[in-house]
Amino acid sequence: MKQCECGTALKEAMFNMGISTLTTKEKYAMPKNYQMDAWFCPNCGKVQFYARIPESEKQKGNQL
Ligand SMILES: [Zn+2]
């Protein structure tokens with residue numbers, strides 16, 4: 001579950017954006033392909049995009 005900037009809890013992704021390449025902040029890291037989801041907030045109408053980061057990536061502290 002995600003939370004919108006306005007404080008509304010977003011329960012599920014509205015649609016799947018497919019694979020998208022993200023460039024990390026790490027200088028020597030290669031761009032990685034992540035599954036992207038779009039989350040729509042019914043309260044403020046904002047659409048946000050999140051990558052599905054594998055648990056193994058999160059554990060490395062590689063937060064986006
Ligand atoms: Zn919102």
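**Questions on a predicted chain**

Guide: The mean pLDDT of the chain is 78, and 77% of its residues reach 70 or more; pLDDT is the predictor's confidence in each residue, from 0 to 100. The model is predicted, so local features need pLDDT of at least 70 and side-chain atom pairs count only at pLDDT 80 or more, while totals for chains, interfaces and linings use all residues. Residues are numbered from 1 along each chain as its sequence is written.

Visitor: Which elements of the chain have the lowest and the highest mean pLDDT?

Guide: The lowest mean pLDDT, 72, belongs to strand S3 (residues 15–22), and the highest, 91, to strand S2 (residues 9–10). Where pLDDT is low, the predicted coordinates should not be read in detail.

Visitor: What makes a stretch of the chain a helix or a strand?

Guide: Both are DSSP runs, numbered from the N terminus: a helix is H or I over at least four residues, and a strand is E over at least two. The chain has 1 helix and 5 strands, in the order β-β-β-β-β-α from the N terminus.

Visitor: Why is Gly7 called exposed?

Guide: A residue is exposed if 12 or fewer other C-beta atoms, placed from the backbone, lie within 10 Å of its own, buried if there are 20 or more, and partly exposed in between. Gly7 has 9 such atoms within 10 Å and is therefore exposed. Gly7 is found in the loop between strand S1 (2–3) and S2. Its C-alpha lies 9.1 Å from that of Asn43, 36 residues apart in sequence.

Visitor: Why is Cys44 exposed?

Guide: Cys44 has 11 other C-beta atoms within 10 Å, so Cys44 counts as exposed. Cys44 is found in the loop between S4 and S5.

Visitor: With which residues is Cys44 in contact, leaving aside its neighbours within four places in sequence?

Guide: They are Cys4 and Cys6; contact requires C-beta atoms, placed from the backbone, that lie within 7 Å. From Cys44 to Thr8, 36 residues apart in sequence, the C-alpha distance is 8.6 Å.

Visitor: Why does Ala51 count as partly exposed?

Guide: Ala51 has 18 C-beta neighbours inside 10 Å, and therefore counts as partly exposed. Ala51 is found in strand S5, where it is the bridge partner of Met36.

Visitor: How do you know that S4 and S5 pair?

Guide: Two strands pair if DSSP finds at least two bridges between them. Strand S4 (residues 32–40) and S5 have 6 bridges, in the antiparallel sense. Trp39 also has a bridge partner in S5, namely Gln48. The hairpin of S4 and S5 has 6 residues between the strands, and Gly45 takes a positive phi near 80 degrees there.

Visitor: What makes strand S5 hardly covered?

Guide: Strand S5 (residues 47–52) has 6 residues, and the count of buried residues among them is 0. Of the 64 residues of the chain, 0% count as buried.

Definitions and conventions. Contact = placed C-beta atoms within 7 Å.
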